[in-house]
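Hi,

Here is the structure I promised to pass on. Have a look at it first, then read my notes below.

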Protein chains: 2
Amino acid sequence: MSILIKNVLLEGKERNINIEGNLIEAISEDKSNKEAEFVIDGKDKAAIPGLFNAHTHAAMTLLRGYADDMPLQEWLETKIWPVEAKMKEDDVYWGTKLACLEMIKSGTIFFNDMYWHWRGSARAVAECGIRAALSAVFIDSFDEGLAKEQIRRNEALYEESKKISERIIFVLGPHAIYTVSKESLCWVRDFAEKHDLLVHIHLSETEEEVEDCIKRYGMRPVEFLDSIGFLSTRTIASHCVHLSRKEMKLLKKSDVKIVHNPTSNMKLAAGKMPYEELKRAGLYSNIALGTDGCASNNNLDMFEEMKIASLFHKAFSGDPTSMPAKEAFELATLNAAKMFRLNSGVIEEGELADVVLLDLKYAELTPNHNLTSNIVYSANGSCVDTVICDGRILMEGRKVEGEEEIKDKAKEVAYELVKHG
Amino acid sequence: MSILIKNVLLEGKERNINIEGNLIEAISEDKSNKEAEFVIDGKDKAAIPGLFNAHTHAAMTLLRGYADDMPLQEWLETKIWPVEAKMKEDDVYWGTKLACLEMIKSGTIFFNDMYWHWRGSARAVAECGIRAALSAVFIDSFDEGLAKEQIRRNEALYEESKKISERIIFVLGPHAIYTVSKESLCWVRDFAEKHDLLVHIHLSETEEEVEDCIKRYGMRPVEFLDSIGFLSTRTIASHCVHLSRKEMKLLKKSDVKIVHNPTSNMKLAAGKMPYEELKRAGLYSNIALGTDGCASNNNLDMFEEMKIASLFHKAFSGDPTSMPAKEAFELATLNAAKMFRLNSGVIEEGELADVVLLDLKYAELTPNHNLTSNIVYSANGSCVDTVICDGRILMEGRKVEGEEEIKDKAKEVAYELVKHG
């Protein structure tokens with residue numbers, strides 16, 4: 001399909017954007033528009049790259065608001081895990097569909113996921129039209145039998161993943177160092193290297209994790225992973241809240257990617273991710289933003305996440321110039337696109353056609369002294385009018401196909417899951 | 001006018017709400033609906049009390065995104081104050097209209113304002129149909145002549161205010177202890193007592209303010225205000241970030257009201273307002289939430305403010321149970337209504353008809369395990385479908401009368417103001 005977006009605000013000027021297939025073919029300022037099968041009027045709209053949610057557990061939309069304001073361990077043990085244990089592939093499918101819908105409606109065109117029932121998530125993503133890096137939760141609880149099972153499952157899913165959709169990136173998902181044995185982590189390391197796969201892991205989210213690691217392995221989490229050669233440019237480490245200076249250097253040495261989840265860290269009181277220190281360690285362009293799952297956020301709105309990220313670091317550092325709007329925006333676009341090896345995250349000729357149009361008539365975008373400031377500090381996801389991903393229009397005028405059915409079915413499975421909880 | 005809201009979700013059950021004039025006349029569960037001139041179908045909607053924004057500078061919508069990511073003093077001196085100096089009554093009128101529009105669209109039915117050109121704000125509020133407590137910025141810069149001028153102006157505005165609208169509460173607005181002389185503060189104290197007026201003041205927002213006060217008066221800000229008998233049950237102190245234990249006791253002793261502005265405090269890195277400590281000092285029901293002005297937020301969305309408030313205190317206290325959803329919601333409704341002496345902030349028979357209907361089909365409100373959690377942690381202002389204030393429908397199906405003109409005119413005056421900035 002070819003699409004022409006006419007007279008849309010792009011980097012301060014009205015321009016035309018031509019999309020051909022799944023690529024941005026041309027960007028021009030003149031009025032001589034190339035013909036296209038589909039024309040979108042860009043009047044009173046601004047074009048920005050689609051947003052990236054670099055760490056989430058999409059199907060947890062089903063648990064939105066189910067358990068809040070609780071201490072972390074009690075929350076997991078009495079609320080989240082018991083319900084997750086009951087989830088079936090179809091539940092995950094509907095939960096992920098709801099997540100995709102919410103993301104499309106708030107301008108997100110990619111998410112990096114780790115969850116149960118991989119096939120359910122993959123099916124949802126394939127249908128919804130957005131991009132995703134999907135990993136199956138790999139937990140062996142230090143049990144050899146379980147480890148073998150997980151390895152077989154991942155090998156099979158990797159093969160299977162090749163046939164599903166080009167928008168889906170298969171990723172390995174060792175949950176964390178406190179739930180996965182050293183032997184399995186080494187298997188992940190080798191399998192990832194062999195097939196050039198990204199590896200998605202929770203790392204140094206809580207103080208407790210660090211203490212446990214020191215007890216178990218005699219060193220801190222990043223030191224441990226470095227000692228077994230686990231860290232590489234393909235490693236995507238989520239959270240990275242508790243890091244020593246030495247650990248930051250190790251992350252830099254191996255060019256490890258880092259996902260910051262400010263809302264989740266604040267809500268669960270996990271601690272303060274050392275953003276300024278990581279920047280000083282030369283890791284700025286390795287950092288992206290994620291919402292985490294809806295049980296600890298409780299939405300998937302990357303506009304909100306950018307704002308909260310910036311506020312968090314201004315407040316904690318005592319420096320109102322920390323994480324300016326431009327940086328927060330890059331964390332949610334360009335940096336993340338590079339992390340997932342996608343030619344996206346900017347609107348330029350030859351890049352993937354992942355384009356979001358904002359409604360400049362939205363009150364929170366009025367007046368428009370500085371669009372990036374408005375996006376980061378004032379907007380929310382509902383200012384998104386149109387979403388194009390991989391050259392396909394997924395939303396126009398805030399309408400998404402099949403929206404009602406997705407919400408109805410997701411509600412149904414969600415209520416059924418918590419019924420006896 | 002009489003309004004019937006049929007079959008709306010209210011506190012977990014479908015109910016009918018009858019509004020007669022500006023009051024909630026009846027709430028019933030049965031299907032025998034009283035007749036009404038206007039009927040609203042409450043299917044897939046939830047009724048909540050309209051939200052209160054307890055501290056803002058409404059017309060600063062005009063400066064949204066104009067200057068961000070700057071140190072406080074530089075920001076004020078080089079950006080905000082020069083533009084404010086150019087503002088005329090008509091600018092404030094259009095800026096406040098835009099603010100009212102944004103508030104209505106995000107479910108806020110009341111704001112407490114302090115700004116220049118009081119008449120411009122008053123005119124906007126009278127027209128827009130929401131409630132406001134309006135104070136004129138009182139700054140004398142320790143100059144006797146200016147003080148006299150300000151006093152005369154406030155006396156005149158007080159008289160004038162009686163004739164404008166019952167939805168407008170005239171409030172005295174001494175800006176802060178570092179901009180208003182002791183003599184003027186004493187005048188404010190006496191005039192407020194004589195006419196039973198609320199007094200809106202910025203208090204202990206920054207460390208610098210505390211240090212300056214100690215230099216000038218030999219005591220901390222709250223101690224100083226207490227020493228001149230300024231503090232009373234009518235005092236509304238915004239920010240209250242830097243408080244000693246003794247100062248908290250003084251606030252409690254005089255039953256002072258406190259407005260917390262978490263986003264602004266974070267964005268300007270003002271410090272952490274001691275919410276838990278104030279609660280322990282018995283001041284919980286004296287606290288409300290505000291967005292502050294759009295130059296330091298940058299929106300007026302109280303849904304976002306509730307979430308950020310809760311996240312802020314969880315993160316800073318290290319306790320994920322701090323400020324649970326129910327509290328954040330009360331800070332934005334019930335507590336604020338009491339602060340401004342309005343029978344609002346709850347939906348009950350006999351209360352003012354300030355009712356907001358949420359669209360339960362909004363993705364971020366799906367599923368609905370716990371509406372209060374969804375409101376505080378997941379929703380944003382765009383989940384509001386209908387707003388009724390003082391018995392009048394100000395928005396239905398997200399449509400507000402005159403919306404386009406307000407945005408166009410506000411943009412026009414905003415761009416003109418910053419033209420040579």
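Let's start with where the two chains meet: 49 residues of chain A and 49 residues of chain B take part in the contact, where two residues count as touching if their C-beta atoms, placed from the backbone, lie within 7 Å. Keep in mind that this is a predicted model, in which local features need pLDDT of at least 70 and side-chain atom pairs count only at pLDDT 80 or more, while totals for chains, interfaces and linings use all residues. Residues are numbered from 1 along each chain as its sequence is written, and chains are lettered from A and ligands numbered from 1 in the order in which they are written.

On the side of chain A that touches chain B, the elements giving two or more residues are helices H2 (89-105), H9 (262-267), H11 (302-317), H14 and H15 (403-418) of chain A.

Now for chain A itself: it is divided into domain 1 (2-48 + 351-403) and domain 2 (51-339), with bounds from an automatic or database domain assignment. Their C-alpha centres lie 29 Å apart, and the contact takes 20 residues from each of these two domains of chain A.

Cheers

Methods: Helices (H or I, at least four residues) and strands (E, at least two) are DSSP runs, numbered from the N terminus.
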